[in-house]
Amino acid sequence: MGESVSDVIVLDHVSKRYGDFVAVHDANFSIATGEFFAMLGPSGCGKTTTLKMIAGFEQPTAGRVMLDGIDVSDVPPYKRNVNTVFQQYALFPHMSVFDNVAFGPRSKKVDESKIKTSVMEMLEIVRLNDFAQRKPSQLSGGQQQRVALARALVNYPSALLLDEPLAALDLKLREAMQIELKRIQREVGISFIFVTHDQGEALTMSDRIAVMSQGHVEQIGTPQEIYRSPASLFVAGFIGSANLLPGTVQSHDGADAVVALKAGSAIRVAGQASAHAIGAHVSVMLRPERLRPSEQADANGQSLQGTLTDLVFQGATARMIVRLADGTELTCLADSSARMPQIAVGATMNVSWGADCGYILAGWPEKAGSNTTDIDHIESTL
Amino acid sequence: MTATVVRQNRIARNADRVGLGAMIVASICLVALGTRLVSGPMVSVIVLVLILDLVGVLVLAARGGPEARRLLAPYGLLKPGMLWLALFFLAPVWSLIRISLSTKESRFSVNYDFNWAFQNYTKAFSDFGSQFQRAFLYAAIATVLTILIGYPLAYVIAFRGGKYKNILLGLVVIPFFTSYLIRTIAWSTILADRGFVVRAMNAVGLGNVFEWLHIMDNGKLLNTPAAVIGGLTYNFLPFMLLPIYVSLEKIDINLVNAAGDLYSSATRAFRKVVLPLSIPGVFAGTLLTFIPAAGDFVNAQFLGNPNTTMIGNSIQDQFLKQNNYPVASAMAAVLMVSIATLVLLYTRIFGTEDLA
């Protein structure tokens, strides 16, 4: 692992077990100063436990947590220079907004006159300076969220930890707060590490994302990397939606791989021959927006034929569900402003794609065809 | 508009006033009957007024339409409680004050003449001043002790009880399924001069220490002020513990975590977050403990001696043994007013808007 001087937090082979249950297995990554870093995964994947280990509310059972280059694994939360924004904000209900924000500096016995300036400054940044004397119960959810941010940021921590910071807000407010969070983060230049189960949120805000599943870090990368070249079938299905088509590598053609799909045809995937040996069981990932609906089959064989079972107009896009002969369902997201072929539900149609659109992943998926993260489902299991 | 609608609107316009008026009239009737202010044929008149009042409102509600019923409903719901208070609180208080300003017709009479006899109050203060002082002192000490014992106990149950929370709370409450008297008398056995507590204390040499602390008196634990205060503390502990527990239990553990996250040590987190948020519980517990403890006579009776009598004992004595109702009433009135004043002061100083 490349530890650089600018890394504010380093997780050095950190694990956490509760009895036989492994909550976090060998997390090994670092977070740079000023980075907006997301830990993303379904509930129970270990992301919150990892956050708590950074905050100091939990101790790792193996490995080290380094903060600003110093091992803090055994340092209690109140002696760590990180602050947390709690999921339900945990604002002190008996204190005014001002006193809430001033709580940290007062704990550190900062001069009261300096506290006043820095608190008002921070309230200015979160745009709540007119609310300093209100009680938290007199504020809306979004305002409470910003008080929680100000209360943490006023201490200028090395890193700010956010535990599902937007989960308690409704959709509109959540979208507004995503932009607001990003603005505040740029303004203060402090690393934000936030935990979320919402892939949309992670993609929108983060510089880098760690995708976690069952205690393992599956992949770390920029949103683009993770979306375009997921490291595993899990990541492919969890981030955005993906059509996963199982098959076998049939041959290599220069840099391209030719994959014989279980669905029948053999297709070409550009530039991935070296990573997958001939005969390997693989899946070809096709993002729905890269698929083109057409009446005719593609001349180069980069297409599949099926029946249109559902067509949903969504404004800018139209979602088409296409069932192949073997029952596999593909999702195709077509630009609704482009000239779309006139296909009725129930009619036979083709979906095609360029050779550079596919991406090969090792292994066969549990469910062939369309895999979508159902946010509602995840939320209901929280 | 039909005649019915006109009538209903007329009733609805006045329903608010009529509802309130009828409630007040009914309460006055009950107080008059309860205090026996009226006699002879007037009693029948008052009863008639009361019946007309109650039935009248029902008739009005029946004929008044939905709007009138909506306006009358709150008074209808208030009425049972209001009338109950009129008959069983206002009327007795009225009688109490009246008797406290009366004199007996003769030494053995049970009849009293109301004649603004303020000497009853003078007598209450001059003869029973020390009992008043003792009652408030003992009650205050017992209240402080219940806080000192109850708060840590409630804290541990609320924050460290885990799955045993309910069992622990049950253990606190279970002794109180037994009668108050029996429990107090049981303490007189426990603290008895030849009981195991006194013997154990002396055996380990704690007797002298307790003697020095004025907890024991000439080798006795029973029939001392300490025993009375101890009894009060024991008997009122749950009334302190439960409100404190409720207010502590409501505190989100994340608030404590947040304080820790914001560089507070455990002590500071307790002082700045947990304690202020649990003050409403302490406040409620104090009222529930101090008020009954100040008027208590059971503990002083069974655990005290003639020099530890509290005002409750004296009032009971004057009422039931000396048969001196006027002075007993004056004492009861003074006790009531003093407690009300102390509680008002206390509320002013420590009061919280959200008394929960």
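In chain A of this predicted model, six strands build an open sheet of mixed pairing, in the order β6-β7-β8-β3-β9-β10. Strands count as paired if DSSP finds at least two bridges between them. From one strand to the next, the twist averages 20°. Strand β7 (residues 159-163) of chain A runs parallel to β6(A), with four bridges. Within β7(A), A:L160 stands opposite A:N83. Helices (H or I, at least four residues) and strands (E, at least two) are DSSP runs, numbered from the N terminus.

Helix α5 (residues 171-188) of chain A lies across β3 (36-40), β7 and β8 (191-196) of chain A. Its angle to β8(A) is about 155°. Such angles run from 0 to 180 degrees between N-to-C directions, with axes fitted to C-alpha atoms, for helices over the stretch in contact. Contact means heavy atoms within 4.5 Å.

Over all chains, the structure holds 19 salt bridges. Each places a side-chain nitrogen of Lys or Arg within 4 Å of a carboxyl oxygen of Asp or Glu. One of them joins A:D12 and A:R64 at 2.9 Å, N to O. A:D12 lies in strand β1 (residues 7-18) of chain A and A:R64 in strand β4 (residues 62-67) of chain A, so this pair ties together parts 52 residues apart in sequence. A:D12 is buried at 16% relative accessibility, whereas A:R64 is partly exposed at 34%. Buried means under 20% relative accessible area, exposed over 50%, and partly exposed in between (1.4 Å probe, protein chains only).

A:D207 and A:K182 form another salt bridge, at 3.5 Å, N to O. A:D207 sits in the loop between α6 (199-205) and β9 (208-213) of chain A, and A:K182 in helix α5 of chain A, 25 residues apart. A:D207 is partly exposed at 32%; A:K182 is buried at 18%. Salt bridges with shared partners also join A:R127, A:E180, A:R183 and A:E187 into one network.

In chain B, helix α2 spans residues 41-100 and includes B:I51. B:I51 is partly exposed, at 46% relative accessibility.

Residues are numbered from 1 along each chain as its sequence is written, and chains are lettered from A and ligands numbered from 1 in the order written. Local features need pLDDT of at least 70 and side-chain atom pairs pLDDT 80 or more, while totals for chains, interfaces and linings use all residues; side-chain values use heavy atoms, without hydrogens and water.
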